[in-house]
Amino acid sequence: MDRAITRISHEILERNSGSDSITLLGIPTRGAHLATRLAMKIEAIEGNPVQYGTLDITLHRDDLRMRPPRALMPTTIPTLGVENRNVILVDDVLFSGRTIRAALDALGEIGRPASVQLAVLIDRGHRQLPIRADYVGKNLPTSLAQIIKVQFTELDGLDAVTLEEGAL
Amino acid sequence: MRHLLSIADLSSTQAIQILDTAEELSRVSDGPMKKLPTLRGRTIVNLFAEDSTRTRISFEAAAKRLSADVINFSAKGSSVSKGESLKDTAQTLQAMGADAVIIRHSASGAAQRLADSQWMTGSVINAGDGTHEHPSQALLDAFTIRKNLVHGANDLTGIHVAIVGDIIHSRVARSNVLLLTKLGAHVTLVAPPTLLPTGVESWPVAISYDFDSVIENVDVVMMLRIQLERMSELFFPNAREYSHYFGLNRDRLKMMKPTAIVMHPGPMNRGLEITADSADSARSVILQQVTNGVTVRMAILYLLLAGSLELGVHL
């Protein structure tokens, strides 16, 4: 996982010509941890602090009505905001693309970034919307029945991505 | 949780969840775009059979910021003044497809009656019923206290609150006593014996008839409005005497702890229970209460209405 994060960090820096214009926004819970990891890595490479924060998308989800109410997670926007920044949304797994659609709506409410890019650790396919990731840790083709579990040391005590067979 | 009828129905976990949700929503209210799409397509009816400014407008603003459709319905100028019953009114609202009814009524238990009946299927939110409860007010008061005085914890342990004045007629006091003690605060009621309800000894609070001995020890002074419209008999000799013993004035303000805050649920009788300079002083968080009222009510509407209504929602 660390190697994938290192590679994504370099790709982000290459594409944006350094870290000055970028703002990393992680989608809670695990996307936020991944964004922090990426920020630390980029800071280590560049030697400058990086703008990073979290973006909660719960209020913009299109499946709110299908489930019991969800708890809201914190949104923390770094000091420079998102206006005219190259915002990089960060999430652990890219699946249907609906989370990212909600994130784009949530982001539009905060300001107008110069560009929005997407970094994910795992792309498992099965998109339901025309959304793709700019930076992918690993493409992992899955069946709909399978369950992907991403674990981070900060939360779960270890770094791991596991693929479980579930029942459809 | 499908309805919000009484603080007594809430666990402390549920109450804290409402406060935490409001905390996140307050960041949205502070941002440039105040409108969220979350309750698009839901219809909320404000059924106000008793006068109100703050609560009605606050619920309306909260619903609109979440993109719900709001229908305002007050007893004056509707068929209620022609003698239509609560049942017929409720069935009419049901037929129009209301997802939630926010009800204020002069009869204690009106919200409970509406929720227990089969007249309508939507959520019922109690916005004040007689002298019984006013749960959303207590939640916004707890939220305001937490924001100003609590750092790091999510409940109110260790906070000492004095609730002063017309306790007997106050649904705000009842809801606050239940909620603040549930969240770990210590509550002292201060009032002349005539303004304390019978059975108050069994409440989980301390009682005092002497404002001056209490005021220097508390973190929050919550003043209540003298509800002249509910007073059919004499509860104190005259207004001047009441102000002298139980009003908040400049001298009492000086006796308060340096960090202590002044609250009032509004509307205020300036000059009776609170002097103008106390209400407008730097310690007063009365306008903050109004602002917080909108976010707390957004949290209530979100938690009651955003999820699936069919699944039987659990908070």
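Here is a friendly chat about the sheet, the helices and the contacts of this predicted model.

Tutor: Residues are numbered from 1 along each chain as its sequence is written, while chains are lettered from A and ligands numbered from 1 in the order in which they are written. In this predicted model, local features need pLDDT of at least 70 and side-chain atom pairs count only at pLDDT 80 or more, whereas totals for chains, interfaces and linings use all residues.

Student: In what order do the 5 strands of the open sheet of chain A lie?
Tutor: Strands here are DSSP E runs of at least two residues and helices are H or I runs of at least four, both numbered from the N terminus. Two strands pair if DSSP finds at least two bridges between them. The pairing in this sheet is parallel, and its edge strands, E2 (51-54) and E5 (135-139) of chain A, each pair on one side only. The order is E2-E1-E3-E4-E5.

Student: How many bridges join E3 to E4 of chain A?
Tutor: E3 covers residues 86-94 and E4 covers residues 115-123 of chain A, and they run parallel. One bridge partner in E4(A) is A:Asp123, which belongs with A:Leu94. The number of bridges is 8.

Student: What angle does helix H2 of chain A make with E1(A)?
Tutor: Helix H2 (residues 30-46) packs on the sheet and touches E1, E2, E3 and E4 of chain A. Contact means that C-beta atoms, placed from the backbone, lie within 7 Å. Angles run from 0 to 180 degrees between N-to-C directions, with axes fitted to C-alpha atoms, for helices over the stretch in contact. The angle is about 150 degrees.

Student: How far apart are the axes of H5(B) and H11(B)?
Tutor: Two packed helices are described by the angle between their axes and the distance between the axes. H5(B), residues 135-149, packs against H11(B) at about 115 degrees. Residues in this contact include B:Leu139 and B:Phe143 of H5(B) and B:Val296 and B:Ile300 of H11(B). The axes are 8 Å apart.

Student: Which element gives the largest share of the side of domain 1 of chain B that touches domain 2 of chain B?
Tutor: By an automatic or database domain assignment, chain B has domain 1 (7-132 + 291-305) and domain 2 (135-286). Their contact takes 23 residues from domain 1 and 21 residues from domain 2. Helix H1 (12-30), strand E4 (123-129) and helix H11 (286-305) of chain B each supply at least two residues of the domain 1 side. The largest share, 7 residues, comes from H1(B).

Terms used:
Contact = placed C-beta atoms within 7 Å.
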